[in-house]
Amino acid sequence: MLCAASMAGLSRHQAAAQESGRLLATEGVSEIDGASGGGLATWSLISGYETRDEIGGNLHGTYVAVNNFGLGSVGASAGFYDRLELSYAHLWFDTRSAGGRLGLGDGYHFDLDAVGAKLRLVGDAVYDQDSWLPELSVGTQFKAADSHAILKAIGAAGPDGVDFYFAATKLFLAESLLVSATVRATKANQFGILGFGGDHNRAYSAQFEGSAAYLLTRSLAVGAEVRTKPDNLGFAREGCAYDAFAAYFFSKHLSATLAFLALGPIARQGDQNGLYLSLQAGF
Amino acid sequence: MQRGFLLAAFLLIASCAGATATDPLFSQLGGESGIARIASNALDIYFSDPRVAQNFDNINRDFLQPRFTAYLCRVAGGPCIYKGHAMKRAHKGLAITEANFNVVVEDLETAMDRAGVPYHVQNRFLARLAPLERDIVTR
């Protein structure tokens, strides 16, 4: 969910003798449900700065404040040999005063756990500058929401679900531009916070996530993202999410992403626009 | 139809003319003197960076420097003649890791910073060097 992306870390480390790892734009930041990507869109890149001989990882903390809601995410991811990524994120959705209007009580929280795995199939987004072939990955996420009775009451078909996605990410280094596109098969309502499937549509649908990021300097990337979402619930319309972000890489070990984002309408409370802030620490 | 043909003919002529002109990247990197400075800066760092210096232990810098300079010049599209081995052969059996390769790239970025090369020009140059990873990294 949420957005923001970034590119990776263009950071450099002269110092430390054993410092090595990957280069330039090579891991992105943490997408809100834990995978490496932009903030909203999932990328094909594998989390962490490890090379094919190493293991890397990240911790992230993200908070989104929009008109009527707050959304937080904390999580961890590990990248193995630049091939396999495993991730976990816990999300909480704070209904603030909207909770009262919806009959849940002010400040009612929905919670969601997301476990993911991503496998890089082919290509290297950074090195393959002489080819149009992007880095291609497939991934899956298992998500489980709590608040089962409420989810049932709003028409969700179930409290948990499995997403499958295919991601293609390419760094056009000569242009200092990263472009990424992902197709996701999902039943998730509002990223899964409002359950999976619904009275309007119970089936999987194909959704799109796209990012473009421009590297202004070695440590600062700016860009925009879009993520389409299913519209499964009869009680409230759901639309696309967008963001415009700036990501700053203090080093390979620390980055911060700030974004303006629009999540579309949520739970009949109108369009939800606001700010996204994410910190990521890793190796 | 005829218009399309004329356009195609024009583009063909334009692209042929472009091939004889100097590559803009070569001049953006400061020409021969700029590239010589980048190469010299980079070797200064490689021979002293503890992350990769051991890879240069048995290499004579006086031998390497003119060849490295000529190679970079040629990659930049400059009018230089590189007579050394292809990168694959030059690095054969050296068991260079991806991490080693990345350090060498980072050090080259520093070398370009010190030569005053703007970041986006650096990226255009690195884009031409990045595919060498397949030839150089053998472990």
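**Helix packing in chain B**

Analyst: Start with two helices of chain B, α3 (residues 31-46) and α4 (residues 61-75): their axes come within 9 Å and cross at roughly 135 degrees. Keep in mind that this is a predicted model.

User: Left-handed or right-handed, as α3(B) passes α4(B)?
Analyst: The crossing is right-handed.

User: Which residues make the contact?
Analyst: From α3(B) come B:Glu32, B:Ile35, B:Ala36, B:Ile38, B:Ala39, B:Ser40 and B:Leu43. From α4(B) come B:Arg61, B:Leu64, B:Gln65, B:Phe68, B:Thr69, B:Leu72 and B:Cys73.

User: And by class, what is in the contact of α3(B) with α4(B)?
Analyst: Nine residues are nonpolar, three are polar and two are charged.

User: Zooming out, how many helices and strands does chain B have?
Analyst: Eight helices and zero strands. Along the sequence the pattern reads α-α-α-α-α-α-α-α.

User: How much of chain B is buried?
Analyst: Buried residues are 31% of its 139 residues. As for contacts with a separation of 6 or more, 76% in chain B join residues 24 or more positions apart.

User: Switching to chain A. How many helices and strands there?
Analyst: Chain A has two helices and 16 strands.

User: What does the radius of gyration of chain A say?
Analyst: Chain A has 18 Å. A compact globule of 283 residues would be near 19 Å, so the value agrees with that. The C-alpha atoms fill a box of roughly 55 × 30 × 30 Å along the principal axes.

User: What share of chain A is buried?
Analyst: Buried residues make up 53% of the 283 in chain A. Of the chain A contacts with a separation of 6 or more, 61% are between residues 24 or more positions apart.

User: Is A:Asp82 buried or exposed?
Analyst: Buried, because 26 other C-beta atoms lie within 10 Å and the cut-off is 20 or more.

User: What about the phi of A:Ser176?
Analyst: Positive as well, at about 60 degrees, and A:Ser176 is not a glycine. Its place is the loop between β9 (160-172) and β10 (177-186) of chain A. A:Ser176 counts as buried, with 24 C-beta neighbours inside 10 Å.

User: One last residue. Where is A:Ile154?
Analyst: A:Ile154 sits in the loop between α2 (148-153) and β8 (156-158) of chain A.

User: Why does A:Ile154 count as partly exposed?
Analyst: Because A:Ile154 has 19 C-beta neighbours inside 10 Å, and buried needs 20 or more.

User: Which residues is A:Ile154 in contact with, beyond its sequence neighbours?
Analyst: Leaving aside neighbours within four places in sequence, the contacts are A:Leu194, A:Leu233 and A:Phe235.

User: How far is A:Leu233 from A:Ile154?
Analyst: In sequence, they are 79 residues apart. In space, it is 7.4 Å from C-alpha to C-alpha.

Technical notes
Residues are numbered from 1 along each chain as its sequence is written. Chains are lettered from A and ligands numbered from 1 in the order in which they are written. This is a predicted model: local features need pLDDT of at least 70, side-chain atom pairs count only at pLDDT 80 or more; totals for chains, interfaces and linings use all residues. Axes are lines fitted to C-alpha atoms, for helices over the stretch in contact, and angles run from 0 to 180 degrees between N-to-C directions. Helices (H or I, at least four residues) and strands (E, at least two) are DSSP runs, numbered from the N terminus. A crossing is left-handed if the near helix is turned anticlockwise from the far one by less than a right angle, and right-handed if clockwise. Two residues are in contact if their C-beta atoms, placed from the backbone, lie within 7 Å. Ala, Val, Leu, Ile, Met, Phe, Trp, Tyr, Cys and Pro count as nonpolar, Asp, Glu, Lys and Arg as charged, and the others, Gly among them, as polar. The radius of gyration is taken over C-alpha atoms; the globule rule is 2.2 Å times the number of residues to the power 0.38. A residue is buried if 20 or more other C-beta atoms lie within 10 Å of its own, exposed if 12 or fewer, and partly exposed in between; C-beta atoms are placed from the backbone.
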